[in-house]
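The following exercises are to be worked through with the sequence and the structure in view. Each task is followed by a solution in steps.

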Amino acid sequence: MAKIKDLRAKTDDQLNEQIVALKKESMNLRFQQVGGQLTNTDRMRQVKREVAQIKTILAERSVGSKE
């Protein structure tokens, strides 16, 4: 799981790419869960949290640029 400090150091494009990758991972985790193959159930929560953190950082930047 990435730290907020590390996420803030990335550019908007890098953060958007990371969101796409995390969404793909989330989809794969859901397929594993349905198939009964998911062993690390905590990873689903980590992925959701990381996506939310990235979206929050992007929202803060967009509000900051409008001021």
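A residue is called buried when its relative accessible area is under 20%, exposed when the value is over 50%, and partly exposed in between. The structure shown is a predicted model.

**Exercise 1. Classify Arg61 as buried, partly exposed or exposed, and describe its salt bridge.**

Step 1. The relative accessible area of Arg61 is 26%, so Arg61 is partly exposed.

Step 2. The side chain of Arg61 forms a salt bridge with that of Asp12, at 2.7 Å from N to O.

Step 3. This pair joins distant parts of the chain: Asp12 belongs to helix α2 and Arg61 to helix α3, and they are 49 residues apart.

Step 4. Asp12 has a relative accessibility of 36% and therefore also counts as partly exposed.

**Exercise 2. State which helices are linked by the salt bridge between Arg8 and Glu60, and classify both residues.**

Step 1. The N to O distance between the two side chains, Arg8 and Glu60, is 2.8 Å. A salt bridge requires a side-chain nitrogen of Lys or Arg within 4 Å of a carboxyl oxygen of Asp or Glu.

Step 2. Arg8 lies in helix α1 (residues 4–8) and Glu60 in helix α3, so that distant parts of the chain, 52 residues apart, are linked.

Step 3. Arg8 is partly exposed, because its relative accessible area is 43%. Glu60 is partly exposed as well, with a value of 40%.

**Exercise 3. Determine where the salt bridge between Arg45 and Asp42 lies.**

Step 1. The side chains of Arg45 and Asp42 meet at 3.4 Å, N to O.

Step 2. Both residues lie in helix α3, where they are 3 residues apart, which is about one turn of the helix.

Step 3. Arg45 is exposed, because its relative accessible area is 51%. Asp42, at 32%, counts as partly exposed.

**Exercise 4. Identify the residues of the positive surface patch and the helices that supply them.**

Step 1. The patch is formed by Lys23, Arg30, Lys48 and Lys55.

Step 2. Helix α2 (12–35) and helix α3 (42–66) each supply at least two of the residues in the positive patch.

Step 3. Lys23, one of the patch residues, lies in helix α2. Its relative accessibility is 43%, so Lys23 counts as partly exposed.

**Exercise 5. Classify Asn28 and give its distance from Leu7.**

Step 1. Asn28 is located in helix α2. With a relative accessibility of 43%, Asn28 counts as partly exposed.

Step 2. From C-alpha to C-alpha, Asn28 and Leu7 are 23 Å apart in space, and in sequence they are 21 residues apart.

Key:
Residues are numbered from 1 along each chain as its sequence is written. This is a predicted model: local features need pLDDT of at least 70, side-chain atom pairs count only at pLDDT 80 or more; totals for chains, interfaces and linings use all residues. Side-chain values use heavy atoms; hydrogens and water are left out. Patches are made of residues with over 30% relative accessible area and no salt bridge: like charges are joined within 9 Å, nonpolar side chains (Val, Leu, Ile, Met, Phe, Trp, Tyr) within 5 Å. Accessible areas come from the Shrake-Rupley method with a 1.4 Å probe; for residues, only the protein chains shown count as cover. Lys and Arg count as positive and Asp and Glu as negative; His and the chain ends are not counted. The place of a charge is taken as NZ of Lys, CZ of Arg, CG of Asp or CD of Glu. Helices (H or I, at least four residues) and strands (E, at least two) are DSSP runs, numbered from the N terminus. Buried means under 20% relative accessible area, exposed over 50%, partly exposed in between (1.4 Å probe, protein chains only).
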